[in-house]
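Colleague: I would like to learn how to read pockets, a metal site and the backbone of a model. Could you take me through them one feature at a time?

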Amino acid sequence: MPEPLLTLDTLSKAFGAHQVLDGVDVTINRGEIVGLLGPNGSGKSTLLNAISGFMAPDGGTVAIAGRDITGLPAHRVTQAGLARTFQLPAMPSRMTVRDVLRAADTDAGTARRMLRTPARDSRVDRLLLTFRLSRVADLPASSLSGGQKKLLSVALAMRGAPELLCLDEPTAGVHPELRSEMVSALKAANRQGTTLLVIEHDMLFIRQLCTRCIVLDRGKLIADCAPEELEHNPAVVEAYLGKAIEKGKTAR
Ligand code: ADP
Ligand code: MG
């Protein structure tokens with residue numbers, strides 16, 4: 001039996017006269033890896049903001065595991081088990097990449113956040129390796145390239161094994177070779193119990209990672225299907241104005 005983890009009920013948000021989210025209803029079940037697609041400006045990032053407490057919706061509800069979290073501030077949503085990344089990650093200016101990961105490591109047995117333990121060091125080293133950040137581990141996080149910041153933000157969000165991980169364009173600016181590493185890392189997180197909601201334009205990445213896709217167009221959910229069905233879905237093709245949504249192509 002599918003077990004609902006995230007339930008959105010008629011979620012709505014307007015900026016002035018612009019209805020950016022228009023009654024979005026969707027349920028994401030525990031264990032799924034769901035791609036969130038849609039043309040630029042269709043409301044994807046706003047949807048993540050409304051789910052994760054960064055922006056209060058005007059109407060509708062958000063529930064995690066049956067608990068209503070609508071309108072809760074972001075830190076309370078995090079406590080409810082949700083982690084997220086941003087389309088443009090901000091990084092602290094002075095901390096090194098290694099220290100950013102170390103500080104985020106929530107080892108229940110360790111009271112002091114920055115205290116070094118062998119277990120913590122090895123977890124951090126593993127993340128550095130997985131996300132190809134070992135070479136820049138001792139540089140200030142703010143000095144990373146845009147793609148490296150993306151990698152670090154995904155590594156950070158995976159710390160603490162969230163129940164639901166929401167990623168906003170995790171591969172934008174990331175070297176194509178690293179994208180398959182990211183697919184592997186995210187699949188591993190999923191096997192360990194994390195449900196994923198991923199905004200992404202890269203169709204190869206979507207096909208490799210996701211089991212289901214939902215598509216937004218002008219704030220409305222227009223499709224909910226398997227990745228391989230997207231290119232045959234008339235509403236999706238129409239939303240992208242006939243642009244090919246094919247394997248290896250980018251949907252924008
Ligand atoms: P997407 O992530 O799908 O590209 P967004 O959710 O970022 O789209 O934006 C959807 C629409 O909402 C866009 O037209 C954008 O300009 C508008 N929008 C987003 N955030 C704000 C804001 N804080 N104030 C006003 N308009 C906004
Ligand atoms: Mg966006």
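Modeller: What follows is a walk through a predicted model, taken feature by feature.

Colleague: How much space lies in the second largest pocket, and which residues are closest to its centre?

Modeller: The second largest pocket contains about 430 Å³ of space; 16 residues line this pocket, and R126, L127, M158, R159 and Q192 are the closest to its centre. Helix 4 (118–130) and helix 6 (176–191) each give at least two residues to the lining of the second largest pocket, and helix 4 provides the largest share, four residues. The lining of this second largest pocket is made up of seven nonpolar, five polar and four charged residues.

Colleague: How many cavities of 30 Å³ or more does the structure hold, and which residues line the largest cavity?

Modeller: A cavity differs from a pocket in that the probe fits inside but cannot get out. The structure holds one cavity of 30 Å³ or more, and about 30 Å³ of space lies in the largest cavity. Its lining is formed by A50, I51, G53, V62, I69, T70, G71, L72 and V77, which divide into six nonpolar and three polar residues, with no charged residue.

Colleague: Some of those residues bring me to helix 1; are its residues mostly buried or exposed?

Modeller: For burial, the cut-off to keep in mind is a relative accessible area under 20%. Eight of the nine residues of helix 1 are buried, so this helix is largely enclosed by the rest of the structure; the buried residues are K44, T46, L47, L48, N49, A50, I51 and S52. S45, by contrast, is partly exposed, at 22% relative accessibility. Just after helix 1, G53 adopts a positive phi of about 85°.

Colleague: Which protein atoms are the donors of the magnesium ion (ligand 2), and where in the chain do they lie?

Modeller: In reading such a site, remember that water is not among the atoms, so a site may look incomplete. The protein donors of the magnesium ion (ligand 2) are OG of S45 and OE1 of Q87, which lie 2.1 to 2.3 Å from the ion. This pair links distant parts of the chain, since S45 belongs to helix 1 (residues 44–52) and Q87 to the loop between strand 6 and helix 3, 42 residues apart. Q87 is partly exposed, with a relative accessible area of 34%.

Colleague: That loop interests me too: what does M95 touch, and is T96 buried or exposed?

Modeller: M95 is found in the loop between strand 6 and helix 3, and T96 lies in that loop as well. Not counting residues up to four places away in sequence, M95 touches V100, A103, L139, P140 and A141; M95 and A141 are 46 residues apart in sequence, yet their C-alpha atoms are 6.1 Å apart in space. M95 counts as partly exposed, at 30% relative accessibility, whereas T96 is buried, with a relative accessible area of 18%. Leaving aside neighbours within four places in sequence, T96 is in contact with A137, D138, L139, P140 and A141. A polar atom of the T96 side chain also lies 3.1 Å from the backbone nitrogen of D99.

Colleague: Finally, what is the phi of T10, and what is the phi of R132?

Modeller: Most residues other than glycine have a negative phi. T10, in strand 1 (residues 4–15), has a positive phi near 45°, and T10 is partly exposed, at 38% relative accessibility. R132, in the loop between helix 4 and helix 5, has a positive phi of about 55° although it is not a glycine, and R132 is partly exposed, with a relative accessible area of 47%.

Note on methods. Residues numbered from 1 in each chain as written. Chains lettered and ligands numbered in written order. Predicted model: local features only at pLDDT ≥ 70, side-chain atom pairs only at ≥ 80, totals over all residues. Heavy atoms only, no water. 1 Å grid on protein atoms, 1.4 Å probe; cavity = no way out; pocket = protein on both sides within 12 Å on 5 of 7 lines; lining within 4 Å. Points joined across faces, edges and corners; volume = space filled by probe spheres on them. Nonpolar A, V, L, I, M, F, W, Y, C, P; charged D, E, K, R; others polar. Buried < 20%, exposed > 50% of the residue type's maximum accessible area, 1.4 Å probe, protein only. Polar contact = N/O pair within 3.5 Å; in protein donor to acceptor, adjacent residues only side chain to side chain. Contact = heavy atoms within 4.5 Å. Donors = N, O, S within 2.8 Å, 3.2 Å for Na, K, Ca; no water.
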